[in-house]
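Subject: A structure for you to look through

Hi,

Here is the structure I promised to pass on. Please open it next to this email and follow along as you read.

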Amino acid sequence: FRAFAKRVTERLVAAVRGHVSIDSWQLDNELHMLGGSGVCVCEHCARGYRAWLKRRYGTLEKLNAALGGAFWSGDFARWEDITLPIEKARETWRSEYNRYQSDCYLDFVREQKGIVRAAFPNAPITSNGSEMSGWLRLDTLYRELGSVATDTYAYAPDDRLYDRARWMWGLSRGLSGRQRGFTVAETGAFSWSADKDDADDLIVPWFEDAVRHGATRYFFFRWHQSPNGEQYHPAILPWSGKPGVGYETVKRIKAEYDRSGFAFELPRSGVAIIHDAQTDQLNACRRQSFNMLVETGICLHDAAERFGVIPDMVQLADAMDLSPYRLVFLPCCEMVSAAAQEKLRAFV
């Protein structure tokens, strides 16, 4: 797969190199560790996993100690005894394998980015997070790419998914390691809250709210509705190709934005919610129906917004800067390093 993906990207880059319309580049769509049959468990991954563990721990003694292997006789006696942890395996084994798979994807992203960057040295390069799933280490991914993109489809303001979208916009501003504008790489010219009387117009305030939260690029998916049912939802143009409600609404959004003379500014509130991408990743990989870190973050974010405050989402890291803030929340972060603890104590 890596070999074919590399060749496809090289040929695509060669075909459009120097074209004046190339403004930015999206690597793939919704990078995710799950394929159609779950996390990959092929023999290639098994060999790579053992090599990754050797690099990470050095010796079996250190590996066994780190994973608490002595409990219930879980120590490994040989590297060859380490098999892929699937289904009812120990939590620590599955967590390590998920970290390994995330690193594999990040290596893939680096390879793709290098191909594109050689041809387009100044174009922003990103990939849209699938509703910020957490399966990959999102902070590492977007530090590598430098530009953050997310998907958010319109809902009514009284829908819980509206609160989640505002949280994702906040998360997107800070995932690269500092607060900066982000891309809504995928949204629709329709609202999923189709039962509302004003459903056709809901994409207007949704767009305005995304911009208010830091969106600098905004893409509607898609231009023409698919005739084959694979992507059945509405598009800017319906199956007939004749402009209708969606087209006119998107056209109105663009015209009103152009007339507004909007000058982009990042939200500044003095309030921060700390987010731990490693905890988020492990919670997602545990396949729990309730991700405590995410759900608590959404509730805190919504509570702040009810006071008219748009909080920053700051990534938990040794180098995080809390000096711009008057109020900081630390919800449900499981792995706080000694250096990060010192940053928190210094803030208090």
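**Helix α8 and what follows it**

Just after α8, Gly261 takes a positive phi of about 60°. Before going on, a word on the model: it is predicted, so local features need pLDDT of at least 70 and side-chain atom pairs count only at pLDDT 80 or more, while totals for chains, interfaces and linings use all residues. Residues are numbered from 1 along each chain as its sequence is written, and side-chain values use heavy atoms, with hydrogens and water left out.

Helices (H or I, at least four residues) and strands (E, at least two) are DSSP runs, numbered from the N terminus.

Next, look at which residues of α8 are buried. Buried means under 20% relative accessible area, exposed means over 50%, and partly exposed is in between (1.4 Å probe, protein chains only). In α8, the buried residues are Gly246, Thr249, Val250 and Ile253. They cover an arc of only 100° around the axis, so they sit on the same side of α8; the arc is that of the directions from the helix axis to the C-beta atoms. Their cover includes α7 (203-212) and β6 (215-220).

The loop between α8 (245-260) and β7 (271-275) holds Phe264, which is partly exposed at a relative accessible area of 35%. Together with Tyr257 and Phe262, Phe264 makes a nonpolar surface patch of about 270 Å². Patches are made of residues with over 30% relative accessible area and no salt bridge, with like charges joined within 9 Å and nonpolar side chains (Val, Leu, Ile, Met, Phe, Trp, Tyr) within 5 Å. The areas come from the Shrake-Rupley method with a 1.4 Å probe, and for residues only the protein chains shown count as cover.

Now move to α7. Since 7 of its 10 residues are buried, α7 is largely enclosed by the rest of the structure. Those buried residues are Ile203, Val204, Trp206, Phe207, Asp209, Ala210 and Val211, and they pack against α6 (160-174), β5 (182-187), β6 and α8. Just after α7, Gly214 takes a positive phi of about 120°.

Contact means heavy atoms within 4.5 Å; leaving out residues up to four places away in sequence, His213 touches Arg166, Trp169, Arg173, Phe182, Pro267, His301, Glu305 and Ile310.

**Salt bridges**

Side chains of opposite charge can pair when their charged atoms come close. A salt bridge here is a side-chain nitrogen of Lys or Arg within 4 Å of a carboxyl oxygen of Asp or Glu, and by this rule the count comes to 24.

- Glu305 and Arg166 meet in a salt bridge at 3.2 Å, N to O. This pair links distant parts of the chain, with Glu305 in helix α10 (residues 292-306) and Arg166 in helix α6, 139 residues apart. Glu305 is buried at 11%, and Arg166 is buried at 9%.
- Asp209 pairs with Arg212, their closest N and O atoms being 2.7 Å apart. Because they are 3 residues apart in α7, about one helical turn separates them. Asp209 is buried at 6%, whereas Arg212 is partly exposed at 44%.
- Arg306 pairs with Asp302, with 2.9 Å between the closest N and O atoms. These two are 4 residues apart in α10, so about one helical turn separates them. Arg306 is exposed at 67%, while Asp302 is buried at 10%.

Salt bridges that share partners join Arg160, Asp163, Arg166, Asp209, Arg212, Glu295, Asp302, Glu305 and Arg306 into one network.

**One more helix**

Leu344 counts as buried, at 16% relative accessibility. Apart from neighbours within four places in sequence, Leu344 is in contact with Ile274, Met320, Leu322, Leu330 and Val336.

Enjoy exploring!
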